[in-house]
Amino acid sequence: MWTAVDRPARAQSLQSLFAGANQAYFRGDHKTALARYERLIAAGVRDADVYFNLATIHAKAGSYGRAILFFERSMRLGPGDEQAERGLAASHAALGRRRAESAGEATVRTRPSMGTAMVRPVSENSLALSVLVLEVAFFAVLAALGITRRETPRVALGVAAPLLGLCLLVSALGLATKADAWSQGRRAVVLREQAEVREGPDPRAQARARVPEGRYVRVVERDNGFVRVRMPGEIEGWMKRGDVGDI
Amino acid sequence: MQLEPTHIALGQSCVLRVRVEVSDGEAERIELPSLDAFDIVSRQTSRPMQFSFSFGSGQQQMIQRSSTAIHTFVLQPREAGTYRINPARAWMGGREFASQPQTLRVSAGPAPYTTPRPSQPGPGRGQPSGRARPRAPGAPRLHAIPEPATPQRTKPELDGAVVDPDAFVRTAIDKGEAYVGEQITVTIYLYLRGPLSAAPAIETEASVDGFWVHDLLGPDRQLQAHRQRVDRRAYHVYVLRRFAAFPLRSGELTIGAMSVRVDRSSLFDVFAGGPLPSLRRAGVPLSVRVKELPAQGRPRGAIGVGRFSLEAKLDRTQVSTGDAVRLSAILRGNGNLKDLKLAAPSIDGIEVLAPQIRDQVHTNNDVVSGTRAFEWLLVPKRPGELTLPPLGVNTFDPATRRYERVTSKALTLTAAGQGVAAAQAADATLEPDAREPEEGAKFGPLRTHSALRRHHRRLLTETWFVALLALAPGLWLAFTLGRQARRYLQARSGRATPERLIKRARQRLREAAQRARDGQSADLHAEVGQGLRDALEARLGEPIGSMTRSQLAKRLAERGVPQELATSLIRELEQSEFARYGSATNTAADIEQSVGRSEELLSRLEALKPRSMEQRP
């Protein structure tokens, strides 16, 4: 049983852990800083700023795949964060340059789709609340329309109903986009350059493709230490769990 | 195009002036020579003002007959050597005009003293790059100006102006001796006997070689005359120009003479046999003795002449290593702002990028003042606390004749994070993908404050939220279905079956009979008649209210109602009508008989199966 005294002490330790991680970073001890941030994550902290710091350290160290992962997580928790967006774009650009230098050319898609870009500044919970409010208003107007007999209120309700319906539709679509409802599986990022995609969840299975670092994939299934991923171009296969990070 | 002087020492400045003068028009395009080899200390473009003419009021306005653009550059070469400045070009009416190229010699040692060039005849109208040359006081005029008929005298109290009974130009300066960089205010007056009948035209601007000038009069001013008596003659005095001139070098410098033409035509010329001839007058060039700044106590380096203050600030005092901060320094005060230079701070561990300089010059009571703002980007290369030393500029105040060093406060900058060199070495220890941070500077800075939220609840996964989402449409659906059901039931009850109707009629008849037995017999016969009619309508499936007796009998026969029943029904209906409106009193026996007959008829109607309308014979 925990008491009210326990909780403040635990919060204190989380704050001191966070401060300690920052100090380690400023001292130049990136390894310690990373370890402390990851302890915070393990303790259940799901904060946009912690993810941002993790992403920043990884980006400065050149681990752009992990930087992308943590920037995406930070933006999911704190939509509209321009710094995180810039960091994400810079990570993609840096990956592209690195790949171009080694392979001669590279294609890095740094721009999200239009739908994703439109809902990016808004949080999922905000969209969900707006859907709920609009839905209640829409059906209330429909119900009032059915019982109102006077001309003027009927006209007003008749105008309000389609407008509300349209707003509800747009919000619902936005929420579906934000919640990633159009595709199966969970969005993830490849963390290792040229990570193998195998035919089965087995290290002995034949590798059918290699995926570059920073590529977005969708995780549809998990089995032991492997995840089944799906990529644009209908490529599907199994990758090691450590090579992929869930956003 | 004119360059003065043509031989300077490294560190000194020269003045390049490009003058483009076009009569009855404006140059379509002007191409100035490239000056990339120089530091442009200042740049000024002046276009003599043009005013619209208004006639008939006491205030006359000036019309500029020729369009003139004067581009003045103060240049400082970066290295010793010989520089060729390409010609300036102008295009007008499909023709190209070019000036002469200029050559500047820059020696590493001290430059020889250069005397002013000998005066040359001024240009004719419409030729570009021409200008009037100065002449020494007392020297014969070089312009083709008709000699006045009456003798002239110079007036020392009028700055040596040559007084003419009809008109003369006077150039006045507020001081004949000044230090290098000290403001001299120059005013050029036109003295005229009588008011202006036509606007005077400026034929030649006053030359200001060796000066940086700033106009003190606004572009939309009007000429206003004041009266002054000279040699017992009353003149109208107009201010043609007023500007601040800052000498750029020591020695004898000359403010050149302006020449004007005054037309004297008027409406009354027709009575006078023709217009009076125009008056052409030129002022007298004035010399200014420019002194070097006093040697005693003179600090090394550049010196700004005037009275200034200096303020410096950083846009932020804490930054990550490798990120840039902006250092702003503002020099504010009276004097030659354009000549002020501020050395970039030099701090170990900080990279200083080239500054951006912005000037704001204005005048107050004919004194030039304003601000000169410098902005540097500083990039700390190593972490730690870095102290920016105070910025400073040496100044000389001509009023007090004292040197003063104006400084800002020292500033402190804290840089956090590992230095660039250390970062490149330390990154190899990071697992699992340790690589060079080629883009490290674009990321961050790290966030030092966080609420450390531990729960991120997604509403979409909350049961109560999903339930609420489903509640609204569910309620609406239930509401709509309920209304539909009610309507259906109402409609259904309105279309009651004949048996139901007959049963209802029987019920009502019994109730009416009971009321009659209780002494309320008024509606008994109405109930009898109504009940029989309702039962008939229900059984026949058509209204009978509008039918006459014979029509009803015919219809009943058509529908297969037995003759005897039809006759009984009609008779009972008639009797109920008579009894209803009659005044006879109903006895108990009457009531029972009536009720009995009606019930029997209702029972027979209930059992009746009339022919349908299509089956009628």
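In chain A of this predicted model, residues 24 or more positions apart account for 51% of the contacts with a separation of 6 or more, where contact means heavy atoms within 4.5 Å. In chain B, the share of such contacts that falls to residues 24 or more positions apart is 72%. Buried residues make up 46% of the 247 residues in chain A and 44% of the 617 residues in chain B; a residue is called buried under 20% relative accessible area, exposed over 50% and partly exposed in between, as found with a 1.4 Å probe on protein chains only. Chain A holds eight helices and seven strands, while chain B holds eight helices and 33 strands, these elements being DSSP runs numbered from the N terminus (helices are H or I with at least four residues, strands are E with at least two).

Residues are numbered from 1 along each chain as its sequence is written, and chains are lettered from A and ligands numbered from 1 in the order in which they are written. Local features need pLDDT of at least 70 and side-chain atom pairs count only at pLDDT 80 or more, whereas totals for chains, interfaces and linings use all residues, and side-chain values use heavy atoms, with hydrogens and water left out.

Two helix pairs of chain A were examined. The axes of helix α2 (residues 30-42) and helix α3 (residues 48-61) of chain A come within 10 Å and cross at roughly 150 degrees, the axes being lines fitted to C-alpha atoms, for helices over the stretch in contact, with angles that run from 0 to 180 degrees between N-to-C directions. The crossing angle therefore makes α2(A) roughly antiparallel to α3(A) (angles under 35 degrees count as roughly parallel, over 145 as roughly antiparallel, 65 to 115 as roughly perpendicular and the rest as oblique). The crossing of α2(A) past α3(A) is left-handed, a term used if the near helix is turned anticlockwise from the far one by less than a right angle, with right-handed used if clockwise. On the α2(A) side, the residues that meet α3(A) include His30(A), Ala33(A), Leu34(A) and Tyr37(A), and on the α3(A) side those that meet α2(A) include Val50(A), Leu54(A) and Ile57(A). By class, nine nonpolar, three polar and one charged residues form the contact of α2(A) with α3(A), where Ala, Val, Leu, Ile, Met, Phe, Trp, Tyr, Cys and Pro count as nonpolar, Asp, Glu, Lys and Arg as charged, and the others, Gly among them, as polar.

The axes of α3(A) and α4(A) come within 8 Å and cross at roughly 160 degrees, which means that α3(A) is roughly antiparallel to α4(A). Here too the crossing, of α3(A) past α4(A), is left-handed. Among the residues that make the contact are Tyr51(A), Phe52(A) and Leu54(A) of α3(A), together with Tyr64(A), Phe70(A) and Phe71(A) of α4(A), and the residues of this contact divide into eleven nonpolar, three polar and two charged.

A nonpolar core is a set of buried Ala, Val, Leu, Ile, Met, Phe, Trp, Tyr and Cys residues joined through side-chain atoms within 4.5 Å. The largest such core has 40 residues, and those with the most contacts inside it are Tyr37(A), Leu40(A), Val50(A), Leu54(A), Ile57(A), Phe71(A) and Leu452(B). The elements giving two or more residues to this core are α1 (6-27), α2, α3, α4 (64-77) and α5 (82-103) of chain A. When residues up to four places away in sequence are not counted, Ile57(A) touches Tyr25(A), His30(A), Ala33(A), Leu34(A), Tyr37(A) and Leu446(B). A second, separate core of 30 residues includes Val186(B), Val208(B), Met258(B) and Leu279(B).

Individual strand residues of chain B were also considered. Val213(B), in strand β17 (residues 211-215), is buried, with a relative accessible area of 12%. Leaving aside neighbours within four places in sequence, Val213(B) is in contact with Gln44(B), Val208(B), Phe243(B), Ala244(B) and Ala245(B). Val15(B), in strand β3 (residues 14-23), counts as buried at 4% relative accessibility, and the C-alpha atoms of Val15(B) and Thr72(B), 57 residues apart along the chain, are separated by 6.9 Å. By contrast, Arg405(B) of strand β32 (residues 402-407) is partly exposed, with a relative accessible area of 48%. Leaving aside neighbours within four places in sequence, Arg405(B) is in contact with Gly392(B), Val393(B) and Asn394(B).
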